Amino acid sequence: MIYREDKYGNKLSALGLGCMRFPRDKSETERMILRAIERGVNFFDTAYIYPNSEVTLGSILSNHDKRKDVYISTKLPLSNCKTSADFDRFFDTQLRRLQTDYIDYYFMHNMTSFAQWEWLKSLGIEAWLAGKKSSGAIKQAGFSFHGTCDEFTKIIADYDWDFTLIQHNYYDEHYQAGTRGLHAAAEKGMAVMIMEPLLGGRLAMGLPKSAVERFRKAAPDLTSADHGLWWLWNRPQVTVVLSGMNSTAIMDANIDSADKFRPLSDERLAVYDEVVADFRKTYKINCTGCGYCVPCPKGINIPGCFSAYNTRHSHGLVTGMSSYLTTTGALSTPSFSPRICTECGKCEKACPQNLPIRRELKRVGRKLEPPPIRWGVGIARKFFR
């Protein structure tokens with residue numbers, strides 16, 4: 001395992017385990033966490049709003065006496081905070097869930113603007129963080145970010161942050177905080193954690209054939225996922241790459257990738273530009289599959305619909321339609337087609353990518369459910385009923 005130092009010299013595994021997408025089987029989750037620790041992963045990232053994640057992580061670490069062997073990061077749910085009293089209410093709940101008396105890395109979750117940071121300051125967040133750090137209940141304070149780079153640089157200039165978490169990958173190099181934000185944070189001595197390193201798995205499994213072939217020619221022994229992770233580890237400003245791994249096999253493959261990482265040559269880096277050009281032709285909706293937009297009041301699997309639409313362009317009509325019909329339950333009654341969207345807007349308020357979800361769902365419905373398809377599905381539904 002590669003280790004990189006944070007602001008205070010703590011050595012963190014360059015691959016961290018993102019705990020938002022744990023397997024449904026708790027025994028598999030337990031095997032995965034213990035296996036990760038055994039193989040050198042020491043950074044585990046969860047959040048208050050990740051369903052059952054803090055409780056699961058806390059119980060497994062406690063049952064196996066592994067708390068002292070890892071660093072835990074979790075997040076204050078800013079969207080749920082109304083008054084300063086909420087800070088302690090959520091934090092105390094998180095300590096109970098995680099079965100610990102301190103948090104190593106505490107995030108302000110989903111910061112989007114300097115105005116939001118000023119609102120937090122008006123509630124007394126600076127004094128609250130100072131008190132928790134003084135008592136040892138919080139070791140380091142930072143924030144996760146989904147906004148523009150200009151807003152990001154304002155936030156990091158206004159407070160003595162210890163670390164941050166940004167979305168970054170070779171496809172989204174200049175998106176949100178981007179490369180400029182990465183360098184600005186590193187110059188301030190902040191540790192920088194990375195989310196969506198593989199764009200919700202799209203850079204591992206969703207590349208068009210032409211892009212996969214370019215990578216294969218450049219390095220036959222590496223997978224598409226390896227290429228995505230190596231591009232990030234090639235940047236010295238990156239401290240930890242978080243991957244939301246949901247199986248031991250995937251996790252082992254990513255740890256293997258870290259074990260064999262080597263710096264990239266200029267020739268190898270040039271291949272990424274070619275891959276991005278190929279991918280951009282087929283990646284129509286920039287959804288990362290984070291799941292913040294669900295559950296939809298109408299039951300629409302929004303990330304699944306967008307993934308199927310992108311798959312249709314990267315892997316062909318048959319594969320895309322197969323994914324779409326499964327995602328929407330088209331052969332069942334009721335089905336959950338994007339065409340039943342009532343445009344309530346709940347999804348867009350929750351989307352960290354600020355996607356025009358309602359508009360995009362209409363596009364998916366038009367393209368993947370034209371009249372002939374709807375007619376055929378209707379006949380099939382009667383047959384399978």
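Reply: A residue is called buried here when its relative accessible area is under 20%. The model is a predicted one.

Me: With that cut-off in hand, how many residues of β8 are buried?

Reply: Strand β8 has residues pointing both ways, with Phe163, Leu165 and Gln167 on one side and Thr164 and Ile166 on the other, and all are buried. Strand β8 is therefore largely enclosed by the rest of the structure, the count of buried residues being five of the five.

Me: Which residue of β8 is the bridge partner of Ser144?

Reply: Strands β7 and β8 pair in the parallel sense, over three bridges. In one of the positions of β8, the bridge partner of Ser144 is Leu165.

Me: In what order do the strands of the barrel follow one another?

Reply: Eight strands close into this barrel, and their pairing is parallel. Neighbouring strands of the sheet are turned against each other by 25° on average, with direction ignored. The order in which the strands close the barrel is β3-β4-β5-β6-β7-β8-β9-β10.

Me: Which residue in β6 stands opposite Lys75?

Reply: Strand β5, residues 71–76, runs parallel to β6 and is joined to it by four bridges. Strand β5 also pairs with β4, residues 43–45, in the parallel sense over three bridges, and there the partner of Asp45 in β5 is Ser73. As for β6, the residue that stands opposite Lys75 is Phe107.

Me: How many of the six residues of β5 are buried?

Reply: Strand β5 is largely enclosed by the rest of the structure, and this follows from the count of its buried residues. Of the six residues in the strand, that count is five.

Me: Within what arc do the buried residues of α6 fall?

Reply: In helix α6, residues 149–157, the buried residues are Cys149, Glu151, Phe152, Ile155 and Ile156. Seen down the axis of α6, these residues line one face of the helix, because they fall within an arc of 155°.

Me: How are α4 and α6 oriented towards each other, roughly parallel or roughly antiparallel?

Reply: In the contact between these helices, Phe114, Ala115 and Trp117 in α4 meet Glu151, Lys154 and Ile155 in α6. The two axes come within 8 Å and cross at roughly 30°. Angles under 35 degrees count as roughly parallel. The helices α4 and α6 are therefore roughly parallel.

Me: What is the relative accessible area of Gln140?

Reply: Gln140 lies in strand β7. Leaving aside residues up to four places away in sequence, Gln140 touches Asp6, Tyr8, Asn10, Asp104, Tyr105, Tyr106, Lys133, Asp162 and Phe163. Gln140 is buried, and its relative accessible area is 3%.

Me: How far is the sulfur of Cys296 from the closest cysteine sulfur?

Reply: A disulfide requires two cysteine sulfur atoms within 2.5 Å, and a search of the whole structure finds zero disulfides. Cys296 counts as buried at 15% relative accessibility. The closest cysteine sulfur belongs to Cys344 and is too far for a bond, as the distance is 6.2 Å.

Me: Where is Pro295 found?

Reply: Pro295 is joined to Val294 by a cis peptide bond, with omega at about 10°. Pro295 is found in the loop between α12 (266–282) and α13 (302–315).

Me: Is Asp65 buried or exposed?

Reply: Asp65 has a positive phi of about 55°, although it is not a glycine. Asp65 is placed in the loop between α2 (53–63) and β5. With a relative accessible area of 54%, Asp65 is exposed.

Key: Residues are numbered from 1 along each chain as its sequence is written. This is a predicted model: local features need pLDDT of at least 70, side-chain atom pairs count only at pLDDT 80 or more; totals for chains, interfaces and linings use all residues. Side-chain values use heavy atoms; hydrogens and water are left out. Buried means under 20% relative accessible area, exposed over 50%, partly exposed in between (1.4 Å probe, protein chains only). Helices (H or I, at least four residues) and strands (E, at least two) are DSSP runs, numbered from the N terminus. The arc is that of the directions from the helix axis to the C-beta atoms. Two strands pair if DSSP finds at least two bridges between them. Axes are lines fitted to C-alpha atoms, for helices over the stretch in contact, and angles run from 0 to 180 degrees between N-to-C directions. Angles under 35 degrees count as roughly parallel, over 145 as roughly antiparallel, 65 to 115 as roughly perpendicular and the rest as oblique. Contact means heavy atoms within 4.5 Å.
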